[in-house]
Amino acid sequence: MPIDGSLMASAMAGLAFVGCAMGSIAPTPDTRPKRREVVVNGRRVKTIDVHAHCIVPKAAAVIGHPLEAPGLMMDDTSVRLAAMDAQGIDVEALSINPFWYRAERDAAAELIKIQNETLVEFCAASPDRFVAFATASLQYPELAAEQVEYAVKKLGFKGVGVGGSVAGEELANPRFHPFWKKCEELGVLVFMHPLGTRELEPSGRLDGSGLLTNTIGNPLETTIALSHLIFEGTLDRFPGLKICASHGGGFLPSYANRSDAVTRTFPNRVGPLPKKAPTAYLRDGQLFFDTIVFTPEALRHLIAETGSGQIMVGTDYPFPWTSTEVDLVMNTPGLTDDERIAILGGTAARLLGIPT
Ligand SMILES: [Zn+2]
């Protein structure tokens, strides 16, 4: 989110006061593992994780949503901070997977208000370690546009999170244009996180071994969402939009050239052509991608398709998909120091207004 300066200042003042008041008490020994400080060519780099989950229990309670995993809670952040310290993550940009897209309007409005205000409190408690993406009830696009405007102008957020679809509707559906228009106008970074391919699940094709609803269901959802945003002209209509796709953009960057090829192979069957070759949208500044692709070779290829300026670190905390994203960036071949610094935190800092 980035909270605004005054909130940060008051939070810092509060921390300083507590520090002074406790000056006469013997300090308890700090048993936490040492914080890993990431250095590139002698320069300390602020690392930012754009893919980190949390939950706000009192917002979830509005519609009786379960709390999913204990690691999502923010009431005691000591375990989370220890994990960040061990992994060399300085700042997490918190997001909440949208579980409210089927909620009624009044409940959704109440839920989002509580949720965004509480996210501000989470961040104000540790302003040097947490920022957050605002939440919005996209099933009511005009309301969602108002929510993101309030979140940015009144609460100080710099980004907003969305799912890969909204209760079965594509993000490229024109009914969401008011929301995209507002995001473009406000210049917020949109973090897109899939919730599986729910519409495929009743078919049973993702049943069986392999947790396929997640393993391939999540990246498939992202692949479908991004492809529609390109081919339905959404990215053309809102050229200032900035969307960060989870899990390295799903499968799209791995096979992006097929999207160009179809425009040559079946030009009469693809519908109105987007203004650019589909692959151009991966690298022209509207789409960003996290690093959750697991190997240096996979990250090297992702960067070859998108450019290093479109990539930001993601860990998926508290879900233990990876704990070595800093090493992944450091070990990916062919990057300059400046490119590594940008991926580790420079790009996220610029987009989310985080001081470096
Ligand atoms: Zn995730």
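A residue is called buried here if 20 or more other C-beta atoms lie within 10 Å of its own, exposed if 12 or fewer do, and partly exposed in between, with the C-beta atoms placed from the backbone. The model is a predicted one, and local features need pLDDT of at least 70, side-chain atom pairs count only at pLDDT 80 or more, and totals for chains, interfaces and linings use all residues. Residue numbers start from 1 along each chain as its sequence is written.

Strand β9 belongs to an open sheet of 5 strands, which come in the order β6-β9-β10-β11-β12 with parallel pairing. The strands β6 (159-162) and β12 (311-312) sit at the edges with a single partner strand each, so one side of each is left without a neighbour in the sheet. β9 has its partners on record residue by residue. On the β6 side, 4 bridges join β6 to β9, and the two run parallel; V162 has M192 in β9 as its bridge partner. On the β10 side, β9 (residues 189-192) and β10 (residues 242-245) also pair in the parallel sense, over 4 bridges. There, L189 has K242 of β10 as its bridge partner, and V190 stands opposite I243 of β10.

Another open sheet has 3 strands in the order β3-β4-β5, again with parallel pairing. Its edge strands are β3 and β5 (130-132), each of which pairs on one side only. From one strand to the next, the twist averages 35°; angles of this sort run from 0 to 180 degrees between N-to-C directions, and axes are lines fitted to C-alpha atoms, for helices over the stretch in contact. Although β3 is an edge strand, 6 of the 6 residues of β3 (residues 48-53) are buried, so it is largely enclosed by the rest of the structure. β3 and β4 (residues 91-95) pair in the parallel sense over 4 bridges. Among the bridge partners, A52 goes with L94 of β4 and H53 goes with S95 of β4. Helix α4 (residues 105-125) lies across β4 and β5, and it runs at about 160° to β5.

Next comes a helix pair. Two packed helices are described by the angle between their axes and the distance between the axes. Helix α5 (residues 141-153) and helix α6 (residues 177-186) pack at an angle of about 20°, and their axes are 8 Å apart. That makes α5 roughly parallel to α6, on a scale where angles under 35 degrees count as roughly parallel, over 145 as roughly antiparallel, 65 to 115 as roughly perpendicular and the rest as oblique. The crossing of α5 and α6 is right-handed, a label used if the near helix is turned clockwise from the far one by less than a right angle, with left-handed for anticlockwise. The contact is made by P141, E142, A144, A145, V148, E149 and V152 of α5 together with P178, F179, K182, C183 and L186 of α6; two residues are in contact if their C-beta atoms, placed from the backbone, lie within 7 Å. By class, the contact of α5 with α6 has 9 nonpolar, no polar and 3 charged residues. For these classes, Ala, Val, Leu, Ile, Met, Phe, Trp, Tyr, Cys and Pro count as nonpolar, Asp, Glu, Lys and Arg as charged, and the others, Gly among them, as polar.

Some loop residues are worth a look too. L211 lies in the loop between β9 and α7 (212-215), and its phi is near 45°, a positive value in a residue other than glycine. L211 is exposed, with 10 other C-beta atoms within 10 Å. F294, in the loop between β11 (287-290) and α11 (296-306), also has a positive phi, near 80°. F294 is partly exposed, with 15 other C-beta atoms within 10 Å. In the loop between α9 (234-237) and β10 sits P239, which counts as exposed with 11 C-beta neighbours inside 10 Å. The C-alpha atoms of P239 and D284 are separated by 9.9 Å, with the two residues 45 apart along the chain. Finally, a cis peptide bond joins Y317 and P318, with omega about 5°; P318 is found in the loop between β12 and α12 (325-331).

Methods. Pairing = 2+ DSSP bridges.
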